[in-house]
Amino acid sequence: MEKEIINYFHERQHEAYTGIEVARIVSDMCKPKRKTLDLSHLSSDDIASILRIVEAVEHVTGMHFDTFNVKSKRDGLVTARHLFMYMVRDTMKLTLSTIGRLLGGRDHSTVIHGVYTADNWITNPLFYKRENKLINDTRRYLEASEIGQG
């Protein structure tokens, strides 16, 4: 990352940047890229909604999207994926295959399982306290981001 930043400014050495502009450019360059998020088939409104959900899940779980969107059955990663699937299905009503495509081409039956699992968390709150907290925190984060935008 350091080399990319140095090269960026080296190639533009004759341009005058203010400190704020430099900070913004460096901040944008340091933001993690969601390499595994396939948004190519969505409308711009859907893309904005998906990115808000991704941001909320990342915030609540403390994991970057590319970290939990891997082929792994490790508990924390699976929980984050299921949370993402559930929130997309619950808030946007996208098809199961579309949600699977967002997650790198997962099958619709994988998404059914993820959404069903999250529904099970909700119907059994005493047994799934941690997972219910994740769902509630994600909903609150999304509500707060809607208020901030509106």
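**Stop 1: helix H7**

Select Val111, Gly114, Val115, Thr117, Ala118 and Trp121 in H7: these residues are buried. Buried means under 20% relative accessible area, exposed means over 50%, and partly exposed lies in between (1.4 Å probe, protein chains only).

Before you move on, note what you are looking at. This is a predicted model, where local features need pLDDT of at least 70, side-chain atom pairs count only at pLDDT 80 or more, and totals for chains, interfaces and linings use all residues. Residues are numbered from 1 along each chain as its sequence is written, and side-chain values use heavy atoms, with hydrogens and water left out.

The expected span is 1.5 Å times one less than the number of residues.

**Stop 2: the whole chain**

Zoom out. The protein has eight helices and zero strands. Helices (H or I, at least four residues) and strands (E, at least two) are DSSP runs, numbered from the N terminus. The C-alpha atoms fill a box of roughly 60 × 30 × 30 Å, taken along the principal axes. Of the 150 residues, 37% count as buried. Take contacts between residues at least 6 apart in sequence: 58% of them join residues at least 24 apart. Contact means heavy atoms within 4.5 Å.

**Stop 3: the core**

Which residues have the most contacts inside the largest nonpolar core? Select Ile50, Ile53, Phe68, Phe84, Val88 and Leu102. This core has 33 residues. A nonpolar core is a set of buried Ala, Val, Leu, Ile, Met, Phe, Trp, Tyr and Cys residues joined through side-chain atoms within 4.5 Å. The elements that give two or more residues to this core are H3 (44-61), H4, H5 (75-92), H6 (96-102), H7 (108-123) and H8 (129-149). H5 gives the most, with nine residues. In soluble globular proteins, nonpolar side chains tend to be buried together.

Stay on Leu102. Leaving aside its neighbours within four places in sequence, its contacts include Leu37, Ile50, Phe65, Phe84 and Val88.

**Stop 4: the rings**

The structure holds three aromatic pairs. Select Phe65 and Phe68, an edge-to-face pair with 5.2 Å centre to centre and 75° between the planes. Rings of Phe, Tyr and Trp (its six-membered ring) pair if their centres lie within 6.5 Å; planes under 30 degrees apart count as stacked, over 60 as edge-to-face and the rest as tilted. Phe65 and Phe68 both lie in H4 (residues 65-68), three residues apart, about one turn of the helix. Both are buried.

**Stop 5**

Select H5. It has 18 residues and reaches 25 Å from its first C-alpha to its last, close to the 26 Å expected. H5 is mostly covered, with 13 of its 18 residues buried.

Is Arg81 buried or exposed? Arg81, found in H5, is buried, with a relative accessible area of 7%. Not counting residues up to four places away in sequence, Arg81 touches Phe68, Asn69, Val70, Ser72 and Arg106. Its side chain reaches the backbone oxygen of Val70 at 2.9 Å. A polar contact is a pair of N or O atoms within 3.5 Å; within protein, one must be able to donate a hydrogen and the other to accept it, and residues adjacent in sequence count only if both atoms are side-chain atoms.

Step just past H5 to Lys93. Lys93 lies in the loop between H5 and H6. Its phi is positive, about 60°, although Lys93 is not a glycine. At 60% relative accessibility, Lys93 counts as exposed.

**Stop 6: Thr61**

Finish in H3, at Thr61. Thr61 is partly exposed, with a relative accessible area of 21%. A polar atom of its side chain lies 2.7 Å from the backbone oxygen of Val57. The side chain of Thr61 also reaches the backbone nitrogen of Met63 at 3.3 Å. Not counting residues up to four places away in sequence, Thr61 touches Ala80, Leu83 and Leu134.
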